[in-house]
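This report goes through selected features of one chain. The sequence and the structure come first.

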Amino acid sequence: MLRRKVDIKSFQKVLLVHNHNAGKQSFFSGIHKNVDTIAKRLLQTYGAERFHYVEVGTFAAAQAAGRRVCEEKVDWVIVAGGDGTLRALVEVCVEHDYWPYVSVYPAGTVNLVAKELMLRTDVDNWMFQISKGVTLPVCLGKANNRIFLTVVGIGVDSMVVKQVTPQEKKYLSTLAYVRQSGKVVGQEMLLHNWKYKFQVMIDNEGIWRDASSVIVTKSRYYAGRFSLVNGSSISNPALHVCLFTKDKCVDFLRYTALIAADMLSLDKSVEIYPAKQVEIRCNVKKFAAELDGDAVVESPLSISLLPRPLQFIS
């Protein structure tokens, strides 16, 4: 999609939102210092009348910051946090039909959006890249009534996400997901096959396809540095549906290995389809699904793309 430039110095209202509980910040205080440095530089550029800095510690606080963005008509909001913090704030803006310029500083656990935008934690590099004012339209997805920027997962990955506690994310970072993955395998697959079944309809074609787990992605990356589908991008107005059709423990271990090797498309039991609209139902009621790494919605799912993208300064 077409990039363009904006004069960031012309903005009259700039807000930096920092989730100090996101990602690895409990172990690496350098992230806090980096965000403080960014705040000081922005304050020098815009002055106290035009620039404000707010710290949040929960998704509810991030949503409150989103409401502030809408109420005060902030021109440019910078989110220092992870994909979940970014998703929570953007969701509020969409609900209020307010579309500010957005930037992200990678301070979370996985940071898929920042990774795809090629934004690093080094302050000088980040400031230099952002100062160019180059914008990229980022397409947003919607699952039921909730917004996502990168991925929807339902099945094994969403069960893992659902069981990871905020404390585990805070202190173990990505290791929390590894730990819970082992527990899910032991509890749900070791002595019997995976018992949850999903059916998926793509673009209202009238055909329900069976799967043991489903990932709907609109991002180049998944769960860090891994790539599920060639050509997928947050700026591309398209969804890609990955159907994992086998249900034994050995199958899920194979899927994990193939994802880690960026070779998922080689497995014939994984069906991948492009889509604009996706419907998903489950053999149990209200099975938790994850959006951008947080379990915030339940089955059945109706997934689509919003007609309007959000402009990211990157």
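**Leu291 and the residue after it**

Leu291 is buried, at 0% relative accessibility (buried means under 20% relative accessible area, exposed over 50%, partly exposed in between, with a 1.4 Å probe and protein chains only). The model is predicted: local features need pLDDT of at least 70 and side-chain atom pairs count only at pLDDT 80 or more, while totals for chains, interfaces and linings use all residues. Residues are numbered from 1 along each chain as its sequence is written, and side-chain values use heavy atoms, with hydrogens and water left out.

Leu291 belongs to strand 16 (residues 288-291); helices (H or I, at least four residues) and strands (E, at least two) are DSSP runs numbered from the N terminus. Beyond residues up to four places away in sequence, Leu291 touches Arg87, Ala143, Arg146, Ile147, Phe148, Val151, Val152, Val296 and Val297, where contact means heavy atoms within 4.5 Å. Asp292 sits in the loop between strand 16 and strand 17. Asp292 is buried, with a relative accessible area of 7%, and has a positive phi near 55°.

**Nonpolar cores**

A nonpolar core is a set of buried Ala, Val, Leu, Ile, Met, Phe, Trp, Tyr and Cys residues joined through side-chain atoms within 4.5 Å. The largest has 56 residues, of which Phe11, Trp76, Leu86, Leu140 and Phe312 touch the most other members. A second, separate core of 49 residues includes Ala143, Val214, Phe287 and Val297.

Ser314, in the segment after strand 19 (310-313), is buried at 6% relative accessible area. Apart from neighbours within four places in sequence, Ser314 contacts residues including Arg3, Gln129 and Ile130.

**Helix 1 against helix 5**

Helix 1 (residues 30-46) and helix 5 (residues 123-131) pack at about 40°, with axes 10 Å apart. Axes are lines fitted to C-alpha atoms, for helices over the stretch in contact, and angles run from 0 to 180 degrees between N-to-C directions. From helix 1, Asn34, Thr37, Ile38, Arg41 and Leu42 meet Val123, Asp124, Trp126 and Met127 of helix 5.

**Backbone exceptions**

Most residues other than glycine have a negative phi, and most peptide bonds are trans. Asp203, although not a glycine, has a positive phi of about 50°. Asp203 lies in the loop between strand 10 (198-202) and strand 11 (209-211) and is partly exposed, at 36% relative accessibility. The peptide bond from Ser299 to Pro300 is cis, with omega near 0°; Pro300 is in the loop joining strand 17 (294-298) and strand 18 (301-305).
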